[in-house]
Amino acid sequence: MPDPIQCGRFRLSLERPLVMGIVNVTPDSFSDGNEHFRADEAVAHARLLVEEGADLLDIGGESTRPGAQAVPADEELRRILPVIEALRDCGVPLSVDTCKPDVMRAALAAGADMINDIGGFSAPGAIEAVADSGCALCLMHMRGEPRTMQDAPVYQDVVAEVRDYLDRGAQRLRQAGIAATRIVLDPGFGFGKTAAHNYTLLQQLPQAVGQEYPSLLGLSRKSMIGAVTGRPASRRLGGSVAAALAGAVRGAHILRVHDVADTVDALRVWSAVEQGVRA
Ligand code: 7PJ
């Protein structure tokens, strides 16, 4: 088992898989629609996720669904800063989903504990923005950029190529003086990958992410679930929970999900089967 994650104000033990609840503060996220655009709605939703058992929250102000347009940094900050400030004392670490160094700095100053960068800290200045704080970093694999990433992605060996990207990315962070205990790796399901690529990565998760760092998986409601079930994003709960469990069985440390209560139930039942119930 990897050491606990150093995550801003928190240390996260990895004895059991952790559940990260998704808090979208975007007008166009594909599965939440307008629901949580307003900061107060996002905050109320986040508090519900904590009650349902979320171990962390992931706050995002930029939609990264396939085809989505980039949002300027000031707009992204206008969306997320009030939410970070309102949730600072909710009891669980706050992750911020962003690729922009300016947004990272402002989010950390406002109290964020983790930066989740789907761009793998590849933007100029991204590593510098996070290096001197005590935040955790989620480094995710993406092929291309959200606007075009699903245009027929091709790999010779998807598992080896994702692993290589993550290894190099972690190496860059370490060379900037970032402690290993701050780093989390994510194979990036759906980011420049076909359904077949995604299922290969999930099946071979230990090979794709390695053993050195904890892993984070985002499978919730994604098109890879729809590819197998034939269901739209609004009806992918069962498929998403199954995918999360498949990840847990293969050693995933953090599961990023929309449906916290159902995922927590599934993990508890799985854990009772594996370890027995404490009477
Ligand atoms: C992921 C993410 C993911 C990490 C999104 C969606 C698209 N961050 N942000 N991993 N996905 N680390 O939730 O469908 O898979 S946005």
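This is a predicted model: local features need pLDDT of at least 70, side-chain atom pairs count only at pLDDT 80 or more; totals for chains, interfaces and linings use all residues.
Residues are numbered from 1 along each chain as its sequence is written, and side-chain values use heavy atoms, with hydrogens and water left out.

Let's start with helix α6, residues 195–203; His197, Asn198, Leu201 and Leu202 are buried there. Buried means under 20% relative accessible area and exposed over 50%, with partly exposed in between, using a 1.4 Å probe and protein chains only. Helices here are DSSP runs of H or I with at least four residues, strands are runs of E with at least two, and both are numbered from the N terminus.

Down the axis of α6, the buried residues fall within an arc of 130 degrees, so they line one face of the helix. The arc is taken from the directions from the helix axis to the C-beta atoms. Turned away from that buried side are the exposed Ala196 and Gln203. The cover over the buried residues includes α5, α7, β9, α8 and α9.

Take His197: its relative accessibility is 13%, so it counts as buried. Leaving out residues up to four places away in sequence, His197 touches Pro153, Tyr155 and Val158, contact being heavy atoms within 4.5 Å.

Now to α9, residues 237–249, whose axis comes within 10 Å of that of α10, residues 260–275, crossing at roughly 45 degrees. The crossing is right-handed, meaning the near helix is turned clockwise from the far one by less than a right angle.

How values were computed:
Axes are lines fitted to C-alpha atoms, for helices over the stretch in contact, and angles run from 0 to 180 degrees between N-to-C directions.
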